[in-house]
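Have the viewer open as you read.

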Amino acid sequence: MKVYYFCPQTGVYQGEGFEDETQLGQVDGVTTVAPPPYRQGEVPLFNAPTESWTVRRVQPRSGISREIKPDWSLDNLAASCYPVENLLRKTRGNQMKYLVAAGGYIGSLLLVAAATLICEFIRPHLIPTNMVMIYQLAVVIAAVKLGLRPAIATAFFSVLAFDFFFVPPRLTFNVAEKEYLVTFTGFFVVGVIISSLVTKVREQSLERERLAKEAEKARILQVQENLERALLNSISHDLRTPLVSIKGALSALKDEGDRLSGAARQELLETASDEAERLNRFVGNLLDMTRLEAGAMRLKIEPSDVQELIGCALSATESRLGEREVSVKLPPGLTLIPLDMVLMTQVLVNLLDNANKYASAMSSIEIEASVGSDWLTLTVADRGPGVPESELPHIFDKFYHIQVPEKAGGTGLGLSICRGIVEAHGGGIMAKNRAGGGLVVEILLPVALQGEEV
Amino acid sequence: MKASPDANGQHRILVIDDEAAIRRFLHSALSSEEFSLHEAESGHNGLSAAASLRPDVILLDLGLPDLDGIEVIRRIREWSEVPIIVLSVREREDDKVAALDAGADDYLTKPFGVGELLARIRASLRRSIVQSSEPVFISADLRVDLNLRRVTLSGDEIQLTPTEYDLLRLLIVHADKVLTHKLILKQIWGGAHQEQPQVLRVTISNLRKKIERDPSRPRHITTEPGVGYRLRQSA
C-alpha cells in the first residue's frame, strides 16, 4: 500500500506518484480540499469513497519522519507531516480503472478479429471444429496480456464470431447441427478455466516480484539505519567517554577536594587534563573528516622537507609518546617533496598515536622514508598485535574498530582521515602485518607535482 | 612603548574575547601579583580599552563578532607596538599567518594550557623590554656571539654559510617569536624570492643539520606547520 504524506503547514503532498512537491489543489483528478482544523496529536484522514476529511486522535507514529527522504527541502516540517493512505489510489484509481478496462475489452475484440481472419485464410483446409483451437489461443493471449475479464470476454466473442462466420449456415447466428452447441459450451468453459488459471499465475508472479522488491528495499533501509545508528553510537560514545571522566574528576575535586589526599587530587587533575586532550583530538578528527567528506579541505601543496615533516609529527606527539623509542631512518640527500605540511603532519600524528595506542610501551616505533623515481614511501611500523588479515582491508574505513583490549578506546576516525588526506595528495596508503609481529602502515606520495595542486 | 609594571608592580594584560567562559578562565588563571587582567568582549571595546588602559600585553581572539581580528591588529599597530598574542583554533593556519603578517607577535592554538600561555606572555614582555638583543645568545648547547659572528655547539665551533648565519641571526633577534615564511624570505633573500619557499626549506634543513643534535627532533629551530619558524630560547 502506498503512503502519501501531507504536510498541513504548507499544503504539500509528498510521496510516490506526486511530482517532487505537489501543492494542495494541484493534483489532477484528486479531490484536494484542505483538511479541517485539528489539534496536536490529531491526524486528518482522507476518506476516498466519500471524498471527505475526518479528524482522528492518534498516537504519534515514530518512524514517519525517517521515511521521508532527507532531500525534501521541508524536512524540518517532517515531524508534522502525516501519511494520507490511499488518497491517490482510490480517487485517481477510479478514472484509471475505466480507461484500463475499456482498453482490455477493445484488445479482446481485436484478438477475436485476428483469430477470425486467420481462420478465414485456412478455412479451405480445416473443418470448423478445429478452428476452435485458433480462438482458444486468442483466449490464452488475452489472459496473459489483458487479465481475467477481457479473457472471458474474448472467449464469449470467440463463440459468437465462430458461430457467425464459420458454423453453417455461415454469416448467421443460426446453427444447423445441434452438436455445435456442445462445442460452444465446451469452448467457453475451457476458455474461462484457462483465463482464470493464467491470470492467477500471472498475479502470483507479479506479487512475488513486488514482495521481493519490497523485501530488498526494506533490507537496504535496515542496513542504512544500522550503519547510521552505529555511527551515531560511536560518535556519542567517543564524545561522552572523556566528558564522563572530566566531569567526574572535576566534581570530585570541587565537592570532595578537602578530604582527598594530595596524590589523589593530582591524579584527578591529570585524568581531567588527559581526557580533555583526548576530547580535543577527537573533535579535531571529526572536523577533519567532515571537511574531507564535504570536499572542503583545500590542499596547500609546497615543496617540503620530509625530515621537517617527521619532526613536526614527533613534536606534536611528544607528550603522549613519553619514553617510547621512535627511530627515524631517512636516505641522505632526500629531495623536497610536494605536500601539504599541515595535513601530512596530521597523517603522521594519527599513525603515531595509533601505534602508541596498540603497541606495548616498551616496544619501539620505526619511521622510515625512501624515494624512487615516481614515489616517496613513508612507513610507520610498530611492534603491536597487528591486525587480523581479514580486517586489514577495512582499517582505513570510517568508524572501523578492530577488536582490541579496552584500554585503546580509539575513535575509528584517525586512519580514515589519513587515507582521505593521502588520497587527496594523489597518493595511497596501505597496511600490512610485519614479520615478527606488529603493523606497518605504508604511505606512497607522488614525487612530481600533480596536475591540480594549488 | 616600554612594558613596565604599574604602581602595584603588576603587568596589565588586556583580553579581547567574546566568549565569557574563556575570559573567566583567563581571569582566574592569570590574575596574580604579577599580572592584572582587563577584559573586553568586542573588537571596538578592545580598541578603546587598548587606548585608555595602555596594556603591556594584549590577548586577542580572532573570531570576534563585530570586527575582524586582523583589523583590530592593524588599528592597534597604527599607534602602538604593544605585544599582541593571538588566540586561534587549529584549522585556521591562514588566519595565523595573516595575523602575524599584520603585526601580531605570537599565537596560541586553542585549547591551550596556562603554562604555555604564561611562557608566551613572559617572552613577549621580555622582547618589549629588551629593545636590542644581547650581543651573545645562549640557549642550551647553542651559543652565538653576534659581534664576532661566532657559533658554537657545546663549545665546538660551527661553520655556517653567510645565508645560514643571516637566517640564524634573524631568528635570534626575534627569539621565541614565530616568524612567517614570507617575513623570513623578505628579510634574508629580498622581495624577489618571496614566491620561492623551497630555498628557505633547504636553508633551514642545512642549518638544522649543523646546530641540532637530532635534526628529526629539532630543539632550537622548531617548525610551526603552515605558518613559519621559531627559535626557542631555553635556559
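How many salt bridges does the rule find across the interface of chain B and chain A? Before the answer, some housekeeping: this is a predicted model, in which local features need pLDDT of at least 70 and side-chain atom pairs count only at pLDDT 80 or more, while totals for chains, interfaces and linings use all residues. Residues are numbered from 1 along each chain as its sequence is written, chains are lettered from A and ligands numbered from 1 in the order in which they are written, and side-chain values use heavy atoms, with hydrogens and water left out.

The answer is four, where a salt bridge is a side-chain nitrogen of Lys or Arg within 4 Å of a carboxyl oxygen of Asp or Glu. Lys300(A) and Asp94(B) make such a bridge, with N to O at 3.7 Å. On chain B, the elements that give two or more residues to the side touching chain A are helix H4 (93-102) and helix H8 (197-211); helices (H or I, at least four residues) and strands (E, at least two) are DSSP runs, numbered from the N terminus. H8(B) gives the most, with seven residues. That side of chain B divides into seven nonpolar, five polar and nine charged residues. Here Ala, Val, Leu, Ile, Met, Phe, Trp, Tyr, Cys and Pro count as nonpolar, Asp, Glu, Lys and Arg as charged, and the others, Gly among them, as polar.

As for the interface as a whole, 21 residues of chain B are in contact (heavy atoms within 4.5 Å) with 26 residues of chain A. About 1,800 Å² is buried between the two chains, and carbon and sulfur atoms give 50% of that. Buried area is the accessible area (1.4 Å probe) that two parts lose on being put together, summed over both.

Now stay with chain B and look for its parallel sheet. This open sheet has five strands in the order S2-S1-S3-S4-S5; two strands pair if DSSP finds at least two bridges between them. At the edges are S2 (35-40) and S5 (106-110), each pairing on one side only. Inside chain B, four bridges join S3 (57-61) to S4 (84-89), and Ile58(B) has Ile84(B) as its bridge partner. Helix H2 (43-53) of chain B packs on this sheet, touching S1, S2 and S3, and its direction makes about 165° with that of S1(B). Axes are lines fitted to C-alpha atoms, for helices over the stretch in contact, and angles run from 0 to 180 degrees between N-to-C directions. In the loop between H2 and S3 of chain B you'll find Arg54(B), which has a positive phi of about 50° although it is not a glycine.

Chain B also has an open antiparallel sheet of four strands, ordered S6-S7-S8-S9. S6 (136-139) and S9 (156-158) of chain B each have a single partner strand, so one side of each is left without a neighbour in the sheet.

Finally, two cis peptide bonds. One runs from Lys110(B) to Pro111(B), with omega near -5°, and the other from Pro168(A) to Pro169(A), with omega near -5°.
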